[in-house]
Amino acid sequence: MQHVSPIREPLVTGGKTYHDITEDVCRQVEAKPNARWAAALAVALVGLAIFIYSVYRTLWFGIGEWGLNKTVGWAWDITNFVWWVGIGHAGTLISAILLLFRQKWRTSINRAAEAMTIFAVICAAMFPVLHMGRPWLAYWVLPLPNTFGSLWVNFNSPLLWDVFAISTYFSVSLVFWYIGLVPDFATIRDRATGPIARRAYAVLSMGWTGSAKAWSRYETVSLILAGLATPLVLSVHTIVSMDFATSVIPGWHTTIFPPYFVAGAIFSGFAMVLTLMIITRKVFFLENYITLEHVESMNKVIILTGSIVGIAYTTEFFIAWYSGVEYEQYAFINRAFGPYWWAYWSMMTCNVITPQLFWIRKIRRSLTATFIISIFVNIGMWFERFVIIVTSLHRDYLPSSWAMFSPTIIDIGVYVGTIGLFFTLFLLFCKFFPVINMAEVKAILKSSSEVKHHGHAATMHATEKGLNTNRHHNE
Amino acid sequence: MNKKFVLGIYDDEDVLLTAIENIRAAGTKIYDVFSPYPVHGIDDVLGIKRSRLPIVAFFGGLFGMSFALWMQIWMLGFDWPMIIGGKPHIAIPSFIPVTFELTVLCSAFSMVITFFIVSRLKPSLKVNVFDKRSTDDKFVMAIEVKDGVTNMDALNDLLRSNGAIEVNEKEVVK
C-alpha cells in the first residue's frame with residue numbers, strides 16, 4: 001500500500017469504484033458504436049482510400065510518381081518515415097520509461113499511447129518499403145544466403161541497422177502491448193454476452209484468470225520488458241538519426257543527431273498522444289481517468305523535450321559557424337535564409353516558441369490551448385525533418401547539381417493516406433479494445449483516487465479548480 | 001475427478017492480505033487467489049517465490065547477442081568478405097547496432113514465450129474462471145475441499161471472520 005502525498009492531485013476523479021472502472025472502459029467495447037465514432041471512421045476511411053490509390057500509383061508507375069529528382073533523392077518519404085517513427089516513441093516512453101520511474105499517471109494513458117506506437121510504426125514502415133520501388137523484394141533486406149541471388153546484406157550500413165531496429169521495436173512494442181491487454185481482455189470476456197464476443201475475447205485473453213502467481217509473473221515480465229524497451233526506444237531513433245549522421249552531407253554529418261532526434265521524437269510523440277487523448281476522453285467520456293493532471297504532466301514533458309530540441313537547433317547553428325567548414329556554414333545559412341526559409345521558420349515557431357507557452361500554468365491546464373499547441377508541435381516536427389532532409393540535400397558541394405524539390409499530388413496522397421491509415425487503425429482499436437488499462441488503473445485506485453463521501457462527492461469541476469478540493473479535504 | 005472448492009469473496013485488497021495471512025496461519029492451505037489487478041504484497045503473504053523469468057530473459061539476450069555477432073562476423077568476415085568503405089572485414093563497431101537489437105529481441109521474446117508457457121496461457125475457447133467477478137472488482141480466494149477431511153462450517157467461519165463478504169462453493173469438472 002503506497003502512500004501518496006495529499007497535495008498530489010488524484011489520478012482518478014469522480015469517486016470511482018473498481019466496478020465503475022470496468023463499466024466505464026468496457027462501455028464503448030460493448031455498446032453499439034456511437035455516431036461520433038462512426039463519423040470519424042468514415043473520414044479516416046477516406047484517408048485510407050487516398051492511401052490505397054497513392055500506393056497503387058506508386059507501385060504501378062514507379063517512384064517517378066513522386067517529386068524526387070537526382071539531387072533530392074530523399075524527401076517526403078523519409079520525412080514522413082522519421083515523423084511517424086518519432087511519434088511512436090512517446091508510447092514506449094510512457095509505458096516503459098515511466099514504469100521504471102514509477103510514475104503512476106502513466107496507467108490511464110499507456111494503453112492508447114502504446115497502440116499509437118504500433119500504428120505509427122506501421123505507417124512509418126510504409127515509406128522505406130515503398131521507396132524501394134519494388135516492395136515485393138522487400139525481404140532482400142534480410143540476411144539471406146548468397147545462393148539466393150544477392151550477396152549478404154551490408155552490416156556496416158545504417159539503413160540496414162534501421163531494418164533491425166524498426167522491426168525489433170515493432171515486435172517488442174507489440175508484445176508489451178499485448179501482455180498488458182491480456183488481463184483486460186479477460187475482463188471483457190467474463191462480461192461478454194454475445195457468442196462471438198465471448199469467443200473472440202476468450203481467444204485473445206489466452207485463458208487469463210488473474211491468479212496470484214500469474215500476476216506475479218506478469219509484473220516481472222512487465223518490468224523486464226520495460227527495462228528492455230527503454231534502451232530499445234533510445235536506440236531506434238539513434239539509429240534513425242545515423243541514417244543521416246553517418247553520411248558526409250553538410251548539415252547531416254553531426255554528432256549531435258542521436259540525442260537531438262530522441263528528444264524530438266519524444267516531443268512529437270507526446271504532442272500526438274495529447275491530440276489523441278483530448279479527443280478520446282471526450283468521445284468516450286473518460287474525463288475522470290484522463291484528467292487535467294495527466295494533461296499537465298504530459299505538457300511538462302513537452303516543455304522539457306521542446307527546450308532540448310530548441311537548444312539543439314541553436315547548437316547546430318553555432319557549431320556550423322565554429323567548425324569553420326564553409327559547406328557546413330552554407331548549409332545552415334541556406335536553411336534559415338535560402339529558398340526553404342519558410343520551412344525553417346515554421347519549424348522554429350512551432351517547436352521552439354509555442355511549447356514555451358506551457359510555462360504558464362493556465363495554458364498548461366487548458367484543454368483547448370493544449371490541443372492547439374499539440375497540433376502546432378506535430379506540424380513543427382514534420383517541418384523539422386523536412387528541413388533536415390531536403391535543405392541539406394538540395395544544395396550540397398556542387399552548385400551545378402543544385403535543385404529544388406516540390407511534392408507531387410501522389411507524395412501528398414501517400415502522406416495524407418498514412419494519416420488515414422493511422423486513424424482507421426486507432427479508431428478500430430478504440431472500438432474493440434479497452435482504451436484504458438483497467439487492471440493498472442484499478443491498482444492505483446486505492447492510493448490515488450478522489451474519495452466519494454456521503455453525498456457531497458467532489459466532482460470533476462471541483463478538482464479542476466485546484467489543489468485544495470481533493471481527497472484530504474473530503475476525508 | 002471433480003474437484004470442489006470453497007471460494008471466499010473479498011472486496012478490499014488490505015482485508016484480503018490480512019485474511020490470507022490469518023488463514024494460512026490457521027493451517028488452511030490456499031489453492032489460489034484471483035484478483036482483478038496485481039495486489040502488491042500478495043506474493044509475500046501467499047509465499048509465492050520470485051519469478052525466475054529474468055534469468056530466461058538474460059540467457060535469451062545472451063543467445064541473441066552471440067548469434068548476432070557470430071552471424072555478422074561469419075557473413076562479412078569469412079563467408080563472403082568485402083571491403084566496404086575501407087573498413088576492415090570484421091568491423092565490430094558497426095556490428096554493435098544489429099547486435100544490440102537482436103539481444104533485445106531474443107531476450108524479450110524468450111521471456112514472453114516462457115511466460116505464456118509456464119503460466120499455461122494459450123488461446124482457448126473454454127476458460128475455467130471460479131468467479132467471473134474476479135476480473136472485475138472482487139478478490140476471490142479458492143480453497144480446495146477434501147471430502148471427509150475439510151470441516152465446511154469451520155472453513156466458512158474462518159473466511160467470514162476474516163472479512164469475506166461471501167462464501168461460495170464451486171465444483172470444477174475435470
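In chain B of this predicted model, Lys4(B) stands opposite Val145(B), a residue of strand β3(B).

**Strands of chain B**

- Strand β1 of chain B covers residues 3–10 and is mostly covered, with 6 of its 8 residues buried.
- One partner of β1(B) is strand β3 (residues 139–145), and the two run in the antiparallel sense over 7 bridges.
- Strand β4 (residues 166–172) of chain B also pairs with β1(B) in the antiparallel sense, over 7 bridges.
- Within that pairing, Gly8(B) has Val167(B) of β4(B) as its bridge partner.
- In a regular strand, side chains alternate between the two faces of the sheet.

**Nonpolar cores**

- The largest nonpolar core holds 188 residues, and those with the most contacts inside it include Trp84(A), Phe155(A), Ile42(B) and Leu159(B).
- This core lies between domain 1 (3–49 + 126–172) and domain 2 (53–118) of chain B, because both domains give residues to it.
- Apart from this core lies another one of 8 residues, among them Phe5(B), Phe34(B), Ala142(B) and Val172(B).
- Which residues does Leu159(B) contact, leaving aside its neighbours within four places in sequence? Among them are Val6(B), Gly8(B) and Tyr10(B), along with Ile23(B), Met141(B), Ile143(B), Ala164(B) and Val167(B).

**Annotated spans in chain B**

- An unreviewed UniProt entry lists residues 55–75 and 95–118 of chain B under "transmembrane region".
- Residues 55–75 of chain B are 100% helix and 0% strand, and the C-alpha atoms at the ends of the span lie 30 Å apart.
- For residues 95–118 of chain B, the end C-alpha atoms are 34 Å apart, and this span is 100% helix and 0% strand.

**A closer look at Ser366(A)**

- Where does Ser366(A) sit in chain A? Ser366(A) is found in the loop between α12 (361–364) and α13 (367–394).
- Ser366(A) counts as partly exposed because its relative accessibility is 23%, and buried would mean under 20% while exposed would mean over 50%.
- A polar atom of the Ser366(A) side chain lies 3.1 Å from the backbone nitrogen of Ala369(A).
- Glu328(A) is 38 residues from Ser366(A) along the chain, and their C-alpha atoms are separated by 42 Å.

Technical notes:
Residues numbered from 1 in each chain as written. Chains lettered and ligands numbered in written order. Predicted model: local features only at pLDDT ≥ 70, side-chain atom pairs only at ≥ 80, totals over all residues. Heavy atoms only, no water. Core = buried A, V, L, I, M, F, W, Y, C linked by side-chain atoms within 4.5 Å. Buried < 20%, exposed > 50% of the residue type's maximum accessible area, 1.4 Å probe, protein only. Domains from an automatic or database assignment. Contact = heavy atoms within 4.5 Å. Helix = DSSP H or I, 4+ residues; strand = E, 2+ residues; numbered from the N terminus. Pairing = 2+ DSSP bridges. UniProt positions renumbered as here; feature names shortened; annotations may be inferred. Polar contact = N/O pair within 3.5 Å; in protein donor to acceptor, adjacent residues only side chain to side chain.
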